[in-house]
Amino acid sequence: FHEFLLKKNFTLTDGSAYNIQFIGTKIYFIDLLSLKKYDEGEYWVAHKQFCENFLNPLILKSMRNVDFNNWFRGNLEGISTKDLNSILSLKDKLSLNMLTHVVLLNYFDQKVLNDKKLDLKKIKKKKLSKKAFLLILKNLKKFISKLKLRKSKTVWDDYSKINTYDTKEEELKKKIVSEFASKNKFKSLIDLGCNNGIYSRICLQNGCDQVIGFDYDLNTINEGYLNAKKENLNFLPLYFDATNPSSDLGWYQNERKGFMNRINFSGMISLAFEHHIAIAKNVPLEQTIKWLTETAPHGLIEFVPKEDETVKKMLFLKGDIFKDYNVENFEKILLKNAKIVSTKIISKSGRRIFEYKK
């Protein structure tokens, strides 16, 4: 986009990741006020911001296999070049792009801050030709395209293949989801614990306009995003830790709204998800159900009982301290928060899908 602008004699004064937003997998640039007329010889004022918001997180994942999501969330300006420079080895830095966008950028950044003898007027007099500016952008683009994701195995990588349903049970679950979507045709649907988007796709195929998926597993999110992009689906999977969601951040804690203040969904599906909150994370069942029903006024919640193999494994690791975790109590609490439209048993272990409506 910046290359395109320079050719039209415009440039960008900002390099913030928040200037980029998504509708499904389609990318939109939203900050028109950061566009300005290009002045011949000017430097890229947003270079540092672009690196810290876009480039540094990708380098961190590609070269050190460190997931940047929570780190980025701790700082609205991304991952500082100073921090990245400290983490990388000498071998990591031995390339022209790494020297330019990490080592030297960090050096000059520190020099400007700490060198009292630095003559800023002299620096300002130096010019950067448009040709050189475009070359920087082209080389940077090439460098980013070569950064490869260092994918490591995650817990839920193969969940769609190794889950505890047999084929018949899985088909029943898909049928319930498709009928729910077809009956309601939600304008916007939240899929909690979306994995790679298998049920989100079903909802879109049955009349829902848009699905936003949330999951903790980065590999399945990446897979879901690439599939949605390939199939041109209006599905956006996002990284999300339900017990540590994004909070109000920035100036006056009002610059970026937290998860519960931003969501505005007409429908919800939460399949094989609640036990990860109630059992894996020790959140009381009453609070788990209250939170789930607050994400949307109408939805499906799958209850996974203690008799299920997945829950058995979880309890084996931590012991059964969940005396109130049973289907009777689940139903009783759900009725306090919403009307139960229907209940369907979907597995031999006693998994049930509850349709609720506020």
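Okay, one definition before we look at anything: a charge counts as sitting over an aromatic ring if NZ of a Lys or CZ of an Arg is within 6 Å of the ring centre and also within 35 degrees of the ring normal. Keep that handy. And please remember that what's on the screen is a predicted model.

So, where does that definition come in? Look at Tyr-216: Lys-281 lies over the face of its ring, at 6.0 Å from the ring centre. There's another case at Tyr-18, where the charged end of Arg-256 sits over the ring, 3.9 Å from the centre.

How many strands form it, and in what order? Seven strands form an open sheet, and the order is 7-6-5-8-9-11-10, with mixed pairing. At the edges you find strand 7 and strand 10, residues 339–345, each pairing on one side only. Going from one strand to the next, the twist averages 15 degrees.

You can see both kinds here. Strand 6 and strand 7 run parallel and are joined by five bridges. If you want a landmark, Asp-215 has Tyr-239 in strand 7 as its bridge partner. To get from strand 6 to strand 7, the chain goes through helix 11, and this β-α-β crossover is right-handed.

For the antiparallel kind, go to strand 9, residues 298–303, and strand 11, residues 352–357, which are joined by six bridges. There, His-298 has Lys-357 of strand 11 as its bridge partner. Helix 16, residues 327–337, packs on the sheet here and touches strand 9, strand 10 and strand 11. The direction of helix 16 makes about 10 degrees with that of strand 11. Helix 10, residues 198–205, lies across strand 5, strand 6, strand 7 and strand 8, and it runs at about 170 degrees to strand 6.

Is Leu-233 buried or exposed? Its relative accessibility is 17%, and the cut-off for buried is under 20%, so Leu-233 counts as buried. Leaving out residues up to four places away in sequence, Leu-233 touches Gly-24, Thr-25, Arg-201, Leu-204 and Ala-228. Lys-185 is 48 residues from Leu-233 along the chain, and their C-alpha atoms are separated by 15 Å.

Last topic: aromatic rings. A search of the whole structure turns up 18 aromatic pairs. One of them is Phe-214 with Phe-240, which is edge-to-face, at 5.1 Å centre to centre and 65 degrees between the planes. Why might you care about this one? Phe-214 lies in strand 6 and Phe-240 in the loop between strand 7 and helix 12, so the pair ties together parts that are 26 residues apart in sequence. Both Phe-214 and Phe-240 are buried.

Phe-240 also pairs with Phe-259, and that pair is tilted: 4.5 Å between centres, 35 degrees between planes.

One more thing to find on your own screen: Tyr-38, Trp-44, Phe-50, Phe-54 and Phe-133 form one aromatic cluster. Thanks, everyone!

Notes
Residues are numbered from 1 along each chain as its sequence is written. This is a predicted model: local features need pLDDT of at least 70, side-chain atom pairs count only at pLDDT 80 or more; totals for chains, interfaces and linings use all residues. Side-chain values use heavy atoms; hydrogens and water are left out. Rings of Phe, Tyr and Trp (its six-membered ring) pair if their centres lie within 6.5 Å; planes under 30 degrees apart count as stacked, over 60 as edge-to-face and the rest as tilted. Helices (H or I, at least four residues) and strands (E, at least two) are DSSP runs, numbered from the N terminus. Buried means under 20% relative accessible area, exposed over 50%, partly exposed in between (1.4 Å probe, protein chains only). Two strands pair if DSSP finds at least two bridges between them. Axes are lines fitted to C-alpha atoms, for helices over the stretch in contact, and angles run from 0 to 180 degrees between N-to-C directions. Contact means heavy atoms within 4.5 Å. A crossover is right-handed if, with the strands pointing away from the viewer, the path from the first strand over the helix to the second runs clockwise.
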